[in-house]
Amino acid sequence: MKRKITNEYFTQAYDDHADAIFRFFYYRVFDRSLAKDLMQDTFTRSWEYLVEGKEIQNIKAFLYRVARNLVVDYSRKKKTLSLDMLQEQGFDPGEDTTDKLRDAIDAQDVIKVINGLDEKYRDVVILRFVDGYKPKEIAKMLEENENVVSVRLHRALKQLRELLDESSYR
Amino acid sequence: MKQSPHSFFKTLRKQALDNQERAQVRAHLIQFMESKPLTSPVFVYTHFSSLFTLRMQQVALTALVILIALGGTSYAAERSLPGDLLYQVKIKINEPLISLTALSTKAEAQWEIERAGRRLTEAERLIIRGDANPVAIAALSGQLEKNSENIKQGVMALSLRNDFVGAANVVSNFEASLRAHNRILQRIGDNFKEEEETDVNSIRSTVLTEVFSGSDTQSDLHDQISWENEAESKSAAEVNRASADTTIKNAGTYYEKAKNKMDAGTASEIESQLSKAQQLFTRANKKLDSQDYPQAYGLFQQAHRSAQEAKSLTKVRKSLGSKINLTFGTKSGATGTPPATLKVNSTVEGTLSAPKNSDSAQKKGNPHEVTVDAQANAEANIEVDELEYLRCKTCTFELLNE
């Protein structure tokens, strides 16, 4: 069923998907401010596409397509993650408060594990287990076959378990 | 501390926009949209259409047409086995249609449990019919592993929504179904000589591996609850209590309706499971009254699982048909002498002594040790022992002769 796009419809799409798209970027660029900017870009570029009079089949899938294209653009100027960057963002393993230390170790472990996952696996794992999308929805968003997504999820979890075992904090 | 996938995803979810950031970007976006307004109408497909794409609509419509044309064929296909003419109708039409009716994560997981059960029943019936072969059994085992993976994903999705009891119940239901099938396969295997048991052992190996994996997941889920928070731990225990109570009642009712068609061996096993469930429930209630919420939670979970296993065993036995005779007891060619005491030693903890002539399986202080007295409950105890052995990576399996 077709529905006419209005400003209200599009801002509702922002309310529904902004967090998930922010996380999509954060776990690739590991920079909050940059992830926020890229998320904003995703919505403004999508709006520009509509202003040109073009139709969208599925708003969620379209937003992720734009986001993935922005990630490709960004990866050409990729930064490497360092502990300095973590410290700039407020994680300081030098302090002796238990919670901050645990957060710093969690963050290091998480980043190491995320970086260790194949990029195709990272997408499906985050969309499924962090953002809560079903395999059918993920298939549409990534423009893949549903079986391919299911297989990827299976392999992603296997790789994730191996990475988590290797990164165990003692 | 080792991170489980559950806690790892929880950490990932901590990254989110705060309210101020979200509002700030929203305001910029609205300003941008007003500066570049839409000049002509543009359209998007709504959520209903996006769920049911044209392809799915075609599949559903085709299936409906076929169902109307074939009438009872679809129903007949439900009893078909791999290699039968109607098996493709069962797999490619009936099951996808049923999948469409699963609208929640729990319903999807429960349907995957059903599907796994259907594959196992097919394996059992093939073996009984004498039509099993390694290729067919391997294919069914492969399907079972896929179902298991889908169930694990559903469990993870539920736990990420903090529905730990829901997730634990899904795991318990799957485990109960697997254990029920394991018992049936064991009985079927008893009708064969050892050298003929290959197909049975092959599928049992897959089943037991999945049960072992389920135990790991239960342990992870248990760790996700904040037991130090009294309100949360009390709530978890109470929710589990309600769930166990419902399951025990449902299992009892289901068995009562079917028991006239049960063979004596199966009936005895089911009644034993139901009785065990009730005993566990009573113990759990006492723990709840004494505010020992973690213990109460664990015992209610075990009660739920026992009741669910009774129900699964009833269902599996019904699906095989009352005409099929399942021998309960010793293997053909066995001497009839009960096996000696079986003991699992942990190479990490060292050898611990076991009490002789104990009446039931019990754990000592060392969680790696299980001492089993193989008397009247020989088969059930051996099953427990296999699971404990699989669970403990460093254990060795010893048979001590008295």
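**Notebook: aromatic rings and charges**

I began with Arg28(A), which lies over the face of Phe24(A), 3.8 Å from the ring centre. My rule for a charge over a ring: NZ of Lys or CZ of Arg is within 6 Å of the ring centre and within 35 degrees of the ring normal. In chain B, Lys311(B) lies over the face of Tyr254(B), at 5.6 Å from the ring centre.

The model is predicted, so I took local features only at pLDDT of at least 70 and side-chain atom pairs only at pLDDT 80 or more, while totals for chains, interfaces and linings use all residues. Residues are numbered from 1 along each chain as its sequence is written, chains are lettered from A and ligands numbered from 1 in the order written, and side-chain values use heavy atoms, without hydrogens and water.

Next, ring pairs. I paired rings of Phe, Tyr and Trp (its six-membered ring) with centres within 6.5 Å; planes under 30 degrees apart are stacked, over 60 edge-to-face, the rest tilted. I counted 12 aromatic pairs over all chains.

Phe10(A) and Phe43(A) pair edge-to-face, 6.2 Å centre to centre with 80° between the planes. Phe10(A) sits in helix α1 (residues 7-29) and Phe43(A) in helix α2 (residues 32-51), so this pair ties together parts 33 residues apart in sequence. Helices are DSSP runs (H or I, at least four residues), numbered from the N terminus. Phe10(A) is buried at 0% relative accessible area; Phe43(A) is buried at 1%. Buried means under 20% relative accessible area (1.4 Å probe, protein chains only).

I also noted one aromatic cluster: Phe10(A), Tyr14(A), Phe43(A) and Trp47(A).

Note on methods
Helix = DSSP H or I, 4+ residues; strand = E, 2+ residues; numbered from the N terminus. Buried < 20%, exposed > 50% of the residue type's maximum accessible area, 1.4 Å probe, protein only.
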